[in-house]
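Visitor: I would like to learn how to read a fold from its model. Could you take me through one, feature by feature?

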Amino acid sequence: MHRLLGRRIIFVGGKGGVGKTTTAGALALLAADGGRETLLVSTDPAHSLGDVFDRRVGNRETALSPHLTGLEIDPEGEAERHIDTVKASMKSLVAPKMYDAVDRQLELARHSPGTMEAALLERMADVMTDATRRFDVLIFDTAPSGHTIRLLSLPDVMAAWSDGMLGYRDRSRKLGTLLTMLGRDQAADDEFGILGGATDTPNASRDSRIHDILLARRRKFHRARALLTDASITAFLLVINAERLPILESKKTLDLLRTFDVPVAGMIVNRLLPANAEGAFLQERRLQENQYRDEIDRTFSDLPRVYLELLPHDVHGIATLREISEALATQLHLLGAR
Ligand SMILES: Nc1ncnc2c1ncn2[C@@H]1O[C@H](COP(=O)(O)OP(=O)(O)OP(=O)(O)O)[C@@H](O)[C@H]1O
Ligand SMILES: [Mg+2]
């Protein structure tokens, strides 16, 4: 088996439009064709898996091919669900007359910066821990840039963000910060029935329930980070085109990944002009492409690289995806070495 496909988790990243979904799909097919149970997960709001595999996928595991399952995580949908869950947790902790305040506060949170990222990452962390038990390989087709990875690499930041939603800023077992978030001062507590006996649950048990929720989330992000930085489990692949902007962006992404100790297994240089393409126009394009290829080889000399040609047609449906898989298969032994 190829070293790369021996990893449990593979992330495919890169600038917009370079071929992340295409190569992630091709790689997933290779793994599945080799008999490994494979889950291909897209975290891109554009829902591109369905497009490439010519099948409706969406937010539930969907069979794409023998041994291959697809899943599209929608960041907006995740944010909605996240807010609803927090709403339900908060309502179980305050008196019914506070419900309106809870609703208002969380409607604001719905649109606050970071909500979508946090919800998406929480789901990714769930998938990483849950799906690795049921699948041999998990392949993530990530949204453009290293943003997702950066956030997953900061479990404490993510946990703090999530904690903030429950108004629980420190790890103490006090409910006080919940009040701060709801804009009530401590003196008014009893009037609003939060700390008093307005609900049936005693304070201590309420506090411990909040504590449990927050602790579970913290553990989840830490577990995800541990998986993400373990080179025997995770491999990150950067997809790039021989053009100026993808080179610039990939440099930054690579620095970021290395800063956070994410193991980068190699680079896929995609959409190269085919060797046999002819004509004056293509000759000129090729001259430019060769310069950028040289630049890629120099800049990323310490990364294993594989090269894929531009097909004469779009990649749409499993048959065309297999053309990419086949080209990838002949070079895959180059990737994944440490
Ligand atoms: N080697 C190739 N030959 C021909 N077409 C390709 C190749 N690689 C990708 N494409 C086409 O280029 C377009 C972009 O590819 P893809 O959707 O995989 O990129 P992406 O990085 O996932 O984009 P986004 O950032 O929008 O998610 C698609 O139409 C795809 O069919
Ligand atoms: Mg895509």
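Guide: Gladly! Keep in mind that this is a predicted model.

Visitor: Which residues of α13 are buried?

Guide: They are Ile318, Thr320, Leu321, Ile324, Ser325 and Leu328. These residues lie on the same side of α13, because they cover an arc of only 165 degrees around the axis. On the other side of α13, Ala319 and Glu326 are exposed.

Visitor: What is the general idea behind such a pattern?

Guide: An α-helix has 3.6 residues a turn, so residues three or four places apart point the same way.

Visitor: How do I check the length of a helix?

Guide: Compare its end-to-end distance with the span expected at 1.5 Å a residue. For the 12 residues of α13 (residues 318–329), the first and last C-alpha atoms are 16 Å apart, close to the expected 16 Å. Helix α4 (residues 99–110) agrees with expectation too, since its 12 residues should span 16 Å and its end C-alpha atoms are 16 Å apart. The buried residues in α4 are Ala101, Val102, Leu106, Ala109 and Arg110.

Visitor: In what order do the strands of the sheet run?

Guide: The 8 strands form an open sheet in the order β3-β4-β2-β5-β1-β6-β7-β8, with mixed pairing. At the edges stand β3 (62–65) and β8 (305–309); each has a single partner strand, so one side of each is left without a neighbour in the sheet. On average, neighbouring strands are turned by 25 degrees against each other, direction ignored.

Visitor: In which sense do β1 and β5 pair?

Guide: Strand β1 (residues 9–14) and strand β5 (residues 137–141) pair in the parallel sense, over 4 bridges.

Visitor: Which strands does helix α5 touch?

Guide: Helix α5 (residues 115–134) packs on the sheet and touches β1, β2 (38–42), β4 (68–72) and β5, its direction making about 160 degrees with that of β5. Helix α12 (residues 280–299) lies across β6 (234–241), β7 (264–272) and β8, and runs at about 180 degrees to β7.

Visitor: And the chain as a whole?

Guide: The protein chain holds 13 helices and 8 strands. Of its 338 residues, 54% count as buried. Its accessible surface comes to about 15,400 Å², and 51% of that belongs to carbon and sulfur atoms. Among contacts between residues at least 6 apart in sequence, 75% join residues at least 24 apart.

Key:
Residues are numbered from 1 along each chain as its sequence is written. Chains are lettered from A and ligands numbered from 1 in the order in which they are written. This is a predicted model: local features need pLDDT of at least 70, side-chain atom pairs count only at pLDDT 80 or more; totals for chains, interfaces and linings use all residues. Side-chain values use heavy atoms; hydrogens and water are left out. Two strands pair if DSSP finds at least two bridges between them. Helices (H or I, at least four residues) and strands (E, at least two) are DSSP runs, numbered from the N terminus. Axes are lines fitted to C-alpha atoms, for helices over the stretch in contact, and angles run from 0 to 180 degrees between N-to-C directions. Contact means heavy atoms within 4.5 Å. The expected span of a helix is 1.5 Å times one less than its number of residues. Buried means under 20% relative accessible area, exposed over 50%, partly exposed in between (1.4 Å probe, protein chains only). Accessible areas come from the Shrake-Rupley method with a 1.4 Å probe; for residues, only the protein chains shown count as cover. The arc is that of the directions from the helix axis to the C-beta atoms.
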